[in-house]
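User: I have a model open and would like to know what stands behind the terms in its description. Could you take me through them one by one?

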Number of protein chains: 2
Amino acid sequence: MYEGAVQDLIDELGRLPGIGPKSAQRVAFHILEADTEDMRRLAEAIVSVKEKVKFCQICFNVSEQETCRICQDDRRDRSIICVVEESKDVMAIERTRSFRGLYHVLGGSINPIAGIGPEQLHIRELLNRLSDDTVQEVIVATDPNLEGEATATYLVRMLGSLGISLTRLASGLPVGGDLEYADEVTLGRAFEGRRSLS
Amino acid sequence: MYEGAVQDLIDELGRLPGIGPKSAQRVAFHILEADTEDMRRLAEAIVSVKEKVKFCQICFNVSEQETCRICQDDRRDRSIICVVEESKDVMAIERTRSFRGLYHVLGGSINPIAGIGPEQLHIRELLNRLSDDTVQEVIVATDPNLEGEATATYLVRMLGSLGISLTRLASGLPVGGDLEYADEVTLGRAFEGRRSLS
């Protein structure tokens, strides 16, 4: 509908996830009216992320070098690996500052409907990392949903015989939440996982 | 939090309107995983819109040339001008295919709180367009909100003495809407503007 360049931009923006046609139009007009230098920086950031960012050869986290900052860091505890679905999960856990081990990013979760089986995930590479005796514990931190649980179950089957301690993140009530608003599955898990106070 | 290029991209995306930190992260990871050629096209579309797109010298609609497609189109009725706030409004009206005249884009609406007075809008240029006898009617199609109504009132004061027919878009119930859910102002306007059926 718009003349060439404006419509091209709206089309390209509309292909990004979570940006509908109305949002794409709004963002396009913002870009049109914004400072040229700022928008050149945005365009460069898009190109540069594709050129510079790779995936860590050890843990598959995003990285600008062959291995990521976390795998390179000598102060991290190499005896414990936390297995997550995505790089975003690494960042979420890093923000808690409560984990000082290494990570392994699977690159998704087992989802037969979307055609993602174990062979599409970095599970073989995880097994390779466990082949010497360095790692003592693997924390399975896949999402607490259907696909994440299926992936966790699969990992337990694959790693169960290696003599490594396998753990799963606790499910329960979110801190700051209201008990009466918790769904029954979460509340059930909170009961199962109850801790002794004495 | 992320390594260089990824965090740069998240920061730049987060500055766009309507894209919060979570969305910026999601879009950044999508860009990271998307086809390189597609993302180069997006980056080029951003730069190109800044380089190519100007504003029409007659009506201030977005345009890739000195004057926009609509002002250049000989089949449009030059005796009627529809005054709108933004280029987006031109597109919205064009989609209805019910208007065949020309437009005039004010570039916003009078908003004293945001420091936008009549002199910041393209009102002087509108008066210049009305200085010969070509234009017979001006349709004031500013938004039906406080700022749009204030702008309409101002325009009526400025153009009232020119002997040109001045009209305002009808306010009333949205087609397909429910009467019981209409706000009282809209319902009031629908009563005022009721049409004879006989």
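**Pockets**

Analyst: Let's start with the lining of the largest pocket, whose residues fall into 16 nonpolar, seven polar and seven charged. The model is predicted, so local features need pLDDT of at least 70 and side-chain atom pairs count only at pLDDT 80 or more, while totals for chains, interfaces and linings use all residues. Residues are numbered from 1 along each chain as its sequence is written, chains are lettered from A and ligands numbered from 1 in the order in which they are written, and side-chain values use heavy atoms, leaving out hydrogens and water.

User: What makes a residue nonpolar, polar or charged here?

Analyst: Ala, Val, Leu, Ile, Met, Phe, Trp, Tyr, Cys and Pro count as nonpolar, Asp, Glu, Lys and Arg as charged, and the others, Gly among them, as polar.

User: Why is a space called a pocket and not a cavity?

Analyst: Both are found on a 1 Å grid over the protein atoms alone. A cavity is a set of points where a 1.4 Å probe fits but cannot get out, whereas a pocket is an open set with protein on both sides within 12 Å along at least five of seven lines. A lining residue has an atom within 4 Å of a point.

User: How much volume does the largest pocket have, and what does that number stand for?

Analyst: Its volume is about 900 Å³. Of its 30 lining residues, Pro144(B), Leu169(B), Ala170(B), Ser171(B) and Gly172(B) are the closest to the centre. A volume is the space filled by probe spheres set on the grid points, which are joined across faces, edges and corners.

User: Which elements of chain B supply at least two residues of that lining?

Analyst: They are β3 (77–84), α5 (87–96) and α8 (184–192), and α8(B) has the largest share with seven residues. The names come from DSSP runs numbered from the N terminus: helices are H or I runs of at least four residues, strands are E runs of at least two.

User: What is known of the second largest pocket?

Analyst: The second largest pocket holds about 630 Å³. It has 24 lining residues, with Leu169(A), Ala170(A), Ser171(A), Gly172(A) and Leu173(A) nearest its centre. In chain A, α5 (87–96) and α8 (184–192) are the elements that give two or more residues to this lining, and α8(A) gives the most, with five. By class, the lining has twelve nonpolar, four polar and eight charged residues.

**Cavities**

User: How many cavities of 30 Å³ or more are there, and what lines the largest?

Analyst: There are three. The largest cavity holds about 50 Å³ and is lined by Thr36(A), Met39(A), Arg40(A), Ile46(B), Val47(B), Lys50(B) and Glu51(B). The elements giving two or more of these residues are α3 (36–52) of chain A and α3 (36–52) of chain B, with α3(B) giving the most, four.

User: What makes up the lining of the second largest cavity, by class?

Analyst: It has nine nonpolar residues, no polar and no charged. They are Leu13(A), Leu16(A), Leu42(A), Ile46(A), Leu13(B), Leu16(B), Ile31(B), Leu42(B) and Ile46(B). Leu and Ile both stand on the nonpolar list, so the class follows directly. This cavity holds about 40 Å³.

**Between the chains**

User: How many residues does each chain bring to the contact?

Analyst: Chain B brings 50 and chain A brings 52, where contact means heavy atoms within 4.5 Å. The area buried between them is about 5000 Å², with 68% from carbon and sulfur atoms. In chain B, Met1(B), Glu3(B) and Lys50(B) lose the most area to chain A, together 15% of what that side buries. Buried area is the accessible area (1.4 Å probe) that two parts lose on being put together, summed over both.

User: Why is the pair Arg41(A) and Glu12(B) called a salt bridge?

Analyst: The rule asks for a side-chain nitrogen of Lys or Arg within 4 Å of a carboxyl oxygen of Asp or Glu. Arg41(A) and Glu12(B) have N to O at 2.9 Å, so the pair meets the rule.

User: What joins Glu12(A) to Arg41(B), and why does the pair link two chains?

Analyst: A salt bridge, with the closest N and O atoms 2.9 Å apart. Glu12(A) sits in helix α1 (residues 4–14) of chain A and Arg41(B) in helix α3 of chain B, so the pair joins two chains.
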